[in-house]
Structure formats: structure tokens, C-alpha cells
Amino acid sequence: MSAGEPNPAATPTPCEDTQGDGRWMSMHNRFVSDSKDKEPDVLFVGDSLVQLMHEFGIWRQLFSPLHCLNFGVGGDATQHVLWRLSNGELDNISPKVVVLWVGTNNHGHTPEQICGGILAIIQVIKNKLPNAHTLVLSLLPRGKMPNPLRDRNAKVNELVKDTLTSLPHASFFNVDPGFVHSNGSISHQDMYDYLHLTPKGYQAVCEPLHAHIKALLGEPTDN
């Protein structure tokens, strides 16, 4: 990618309605509507790893008490989240913390492009919510055995972590508790399809995340 070419991962793009039922746009409109009735302290935004969190007991146990909203959409890449947040999802709420977890679905994009997409999202959040802190979660390893997407995600994490050290309004948080075993494999007991998390996998990710969010909110942690 030359300097003059736009970065597709950082160009706000609505998700193409390939299936023909308009669900993506319907969910976006629901989030915009939800934001008019709610006053969240914490907003989670991202792809299916965010969306599915809402379906597990861990959400009710750890995150509902913190007044969290969940704006996760399965399949979203950085450019889709960028479009959603630029088009109304942040306009009626003022959370203290925005948890961003996106990038693993940016197929065909380089780590540098994906990092650029994440930074573009952080900038939109900063512009619309100047007092909020954006917490960027690390991309998880994926696939049962080592593969190029694992390498790509690891590189994205490196780039994002390095870049965010100089931003006062955003920080990086590594949520991987060690899903890759010493032989390079990931267990289906942690990720049932080697991408999405099981309840056990969510527990391992969400407990330290919950403590970190509470610290960001200035609330006492449990330990």
C-alpha cells in the first residue's frame, strides 16, 4: 500500500448485505435506538466475540452490574465498526469507557492496515466522546494449529500496543490467558470452533478484563 492509497480497513464502510435480509443495518439501527434510552458507563463494541459475550452468564455476572451496553455484530471488521460509530451509535450516550475488540475479521488486510483501522475507530470515539477512555483488547490467536492468521493477529497486537503507549485517552489490554498450548495447539474447550470462545474461554478472558475496567472506572476491585 503506497502512502497515497486509502486504507480500506480505515475507510468507514457499511457491511454488504450479502444474505439479503438487511440484518446488519437493522442491528445498527437498533443500537442507535438503544443508545437513546440507556445511560451506560461502559460500551462494548466490536465483532462476534463482543456480541456473543452478551449471551453468556458471564455478562450478567460481571458486566451488567457495571451498566454496560453491547454493540457487537458478528463478522464486523474495523471498517464496519468505523461506519457504525460514525453514523449515530455514539451520538446519545456518554460512557466513561469504550471497550473495543475488532480486527480478526479483516481478511485480506495487512497488520499495518488493521492497526490503522483500529486507530481510526479510536479517533472517532475521541471526537464524539472526548471524556471517554478507549480500551483496545488484544486479538486472540485463532485456528487449532499455527497459521498465518495467528501471525497476523499477533503482529496487529504488537503495532497497536506500541502506538497506544503515546495516547492518553486509549490503552491496550492483552486478554489472552494463554490459549495456545506448548505444542502450538488451541483446545476446543477454550474455543469451540478455534475462533469463538466457550463459557470457559470467556471466563478466562473476562475476569481479568472486569477487574481492569473497574479500575478504569475508579471502582474498588474485589481482590
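Contact is defined here as heavy atoms within 4.5 Å. The model is predicted: local features need pLDDT of at least 70, side-chain atom pairs count only at pLDDT 80 or more, and totals for chains, interfaces and linings use all residues. Residues are numbered from 1 along each chain as its sequence is written, and side-chain values use heavy atoms, with hydrogens and water left out.

Leu 149 is in contact with His 107 and Arg 142, leaving aside neighbours within four places in sequence. Leu 149 belongs to helix α6, residues 148-164. Helices (H or I, at least four residues) and strands (E, at least two) are DSSP runs, numbered from the N terminus. The relative accessibility of Leu 149 is 27%, so this residue counts as partly exposed. Buried means under 20% relative accessible area, exposed over 50%, and partly exposed in between (1.4 Å probe, protein chains only).

Asn 106 sits in the loop between β3 (97-101) and α5 (111-128). Asn 106 is buried, at 1% relative accessible area. Beyond residues up to four places away in sequence, Asn 106 touches Ala 9, Ala 77, Thr 78, Gln 79, Ile 114 and Arg 152.

Six aromatic pairs are found in the whole structure. Rings of Phe, Tyr and Trp (its six-membered ring) pair if their centres lie within 6.5 Å; planes under 30 degrees apart count as stacked, over 60 as edge-to-face and the rest as tilted. Phe 31 and Phe 71 are stacked, because their ring centres lie 4.5 Å apart with planes at 20 degrees. Phe 31 lies in helix α1 (residues 23-37) and Phe 71 in strand β2 (residues 68-72), so the pair ties together parts 40 residues apart in sequence. Phe 31 is buried at 2% relative accessibility; Phe 71 is buried at 0%.
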